[in-house]
Amino acid sequence: MAIRRNAVIGGAAAVIGLGALAAFAVPTLNGLREGRHVEESAYATGAKAKADRTSMPAWLPDGATTVNYRMSTTGYDRLLAATVPDGRLPEGCTPGEPRGGVNLTAAWFPGDTRAKATARCGSYDAALVGDRLYAWQDHAVELAALRAG
């Protein structure tokens, strides 16, 4: 009986130990995985952003300031925020409903941006809040557009 009780206690301790390990290891591994596949940059101007990254959209005005950019390196998900000259939508942006979801997060990108979106800028959906433009690109929407040619 004592052997059986010790085996049960030992098994329970092993399960608890594995559970505790998973509670700490899984979030850490997910964070490392996400961090490896996401790049983030900040630029003083739109011109500097476009000179540094070929993935920066051409519609971003050279005169935009305080540019923040986050991109997936394994797909087409993008986030972009910039202060735009005159607080107006850039050339290349037209009124429209969002086509895709916001699949990345960043401290500088408000969580309610999709609900405020009223424009499309190239392959990005966008919201103009004051003079700050928030735009994102959804991997699935961009992939479908590329396949359609």
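Mentor: Start with a definition: a disulfide is a pair of cysteine sulfur atoms within 2.5 Å. The model is predicted: local features need pLDDT of at least 70, side-chain atom pairs count only at pLDDT 80 or more, and totals for chains, interfaces and linings use all residues. Residues are numbered from 1 along each chain as its sequence is written, and side-chain values use heavy atoms, with hydrogens and water left out.

Trainee: What makes C93 and C121 a disulfide?

Mentor: Their sulfur atoms are 2.0 Å apart. The limit is 2.5 Å, so the pair qualifies. A search of the whole structure finds one disulfide.

Trainee: Why is the disulfide of C93 and C121 called right-handed?

Mentor: The torsion about its S-S bond is about 115°, so the disulfide is right-handed.

Trainee: Which parts of the chain does the pair link?

Mentor: Distant ones: C93 is in strand β4 and C121 in strand β5 (residues 119-121), 28 residues apart. Strands (E, at least two residues) and helices (H or I, at least four) are DSSP runs, numbered from the N terminus. The protein comes to four helices and seven strands. Along the sequence the pattern is α-β-α-β-β-β-α-β-β-β-α.

Trainee: How do the seven strands of the open sheet line up?

Mentor: The order is β1-β2-β3-β7-β6-β5-β4, and the pairing is antiparallel. Two strands pair if DSSP finds at least two bridges between them.

Trainee: What makes β1 and β4 edge strands?

Mentor: Each pairs on one side only. β1 covers 38-45, and β4 covers 93-95.

Trainee: How do you know that β3 pairs with β7?

Mentor: Count the bridges. Strand β3 (residues 78-83) and strand β7 (residues 132-137) share six, in the antiparallel sense. Two are enough, so the two strands pair. R78 stands opposite Q137 in β7. On the other pairing, five bridges join β3 to strand β2 (residues 65-72), again antiparallel. A hairpin of five residues joins β2 to β3.

Trainee: Which residues are the bridge partners of L80?

Mentor: Y69 pairs with L80 in β3, and A135 is its partner in β7.

Trainee: Why is β3 called largely enclosed by the rest of the structure?

Mentor: Buried means under 20% relative accessible area, exposed means over 50%, and partly exposed lies in between (1.4 Å probe, protein chains only). Six of the six residues of β3 are buried, so the rest of the structure largely encloses this strand. R78, L80 and A82 point one way, while L79, A81 and T83 point the other. C93 and C121 are buried as well. Across the protein, buried residues make up 35% of the 149 residues.

Trainee: Is T45 buried, exposed or partly exposed?

Mentor: T45 has 22% relative accessibility, which is why it counts as partly exposed. T45 lies in strand β1.

Trainee: Which residues is T45 in contact with, leaving aside its neighbours within four places in sequence?

Mentor: D62, A64, T65 and V67. Contact means heavy atoms within 4.5 Å. The C-alpha atoms of T45 and A64 are separated by 5.3 Å, though the two are 19 residues apart along the chain.

Trainee: What does the side chain of T45 reach?

Mentor: The backbone nitrogen of K48, at 3.1 Å. A polar contact is a pair of N or O atoms within 3.5 Å; within protein, one must be able to donate a hydrogen and the other to accept it, and residues adjacent in sequence count only if both atoms are side-chain atoms.

Trainee: How do you know that D138 caps helix α4?

Mentor: A side-chain oxygen of D138 lies 2.8 Å from the backbone nitrogen of A140, at the N-terminal end of α4 (residues 139-148). G149 follows α4 and has a positive phi, near 85°.

Trainee: Why is D86 called exposed?

Mentor: Its relative accessible area is 66%, so D86 is exposed. D86 sits in the loop between β3 and β4. Its phi is near 65°, positive in a residue other than glycine.

Trainee: What is the mean pLDDT of the protein?

Mentor: It is 85, and 77% of the residues reach 70 or more. pLDDT is the predictor's confidence in each residue, from 0 to 100. Over residues 17-33 the pLDDT is below 50, and beyond near neighbours in sequence that stretch has one contact in the model.
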